[in-house]
Amino acid sequence: MTALAQYLAREGGGVPGRSQVEHLRDGSEHRTGVWLADQRQRRDRLDAARLEALAELGVQWAR
């Protein structure tokens, strides 16, 4: 979620492409695009808190 928020803050919105990799402040990398695609495929199994957090970040399919 942190990596997605970082991407959205930098880019001003939008959806990261599947190949998007975020470099986090702690020096680690996160495959944000793959992660978001996986979340979308599993959206019917995600808990309400995760869907709400994604929706708050502006992810349309999480609404």
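How many positive and how many negative side chains does the protein chain have, and how far apart do the centres of the two sets lie?

1. The tally is 10 positive (Lys and Arg) and 9 negative (Asp and Glu), with His and the chain ends not counted. The two centres lie 5 Å apart, placing each charge at NZ of Lys, CZ of Arg, CG of Asp or CD of Glu.

2. Keep in mind that this is a predicted model: local features need pLDDT of at least 70, side-chain atom pairs count only at pLDDT 80 or more, and totals for chains, interfaces and linings use all residues. Residues are numbered from 1 along each chain as its sequence is written, and side-chain values use heavy atoms, leaving out hydrogens and water.

3. On the fold, the elements run α-β-β-α-α from the N terminus, taking helices (H or I, at least four residues) and strands (E, at least two) as DSSP runs numbered from the N terminus.

4. The structure has three salt bridges, meaning a side-chain nitrogen of Lys or Arg within 4 Å of a carboxyl oxygen of Asp or Glu. Arg10, Glu11 and Glu22 form a network of them: Arg10 meets Glu11 at 3.1 Å, N to O, and Glu22 at 2.7 Å, N to O.

5. Glu22 is buried at 1% relative accessibility, while Arg10 is partly exposed at 46%. Cut-offs: buried is under 20% relative accessible area, exposed over 50%, partly exposed in between (1.4 Å probe, protein chains only).

6. The remaining bridge joins Asp44 and Arg45 (3.9 Å, N to O), and both residues are exposed.
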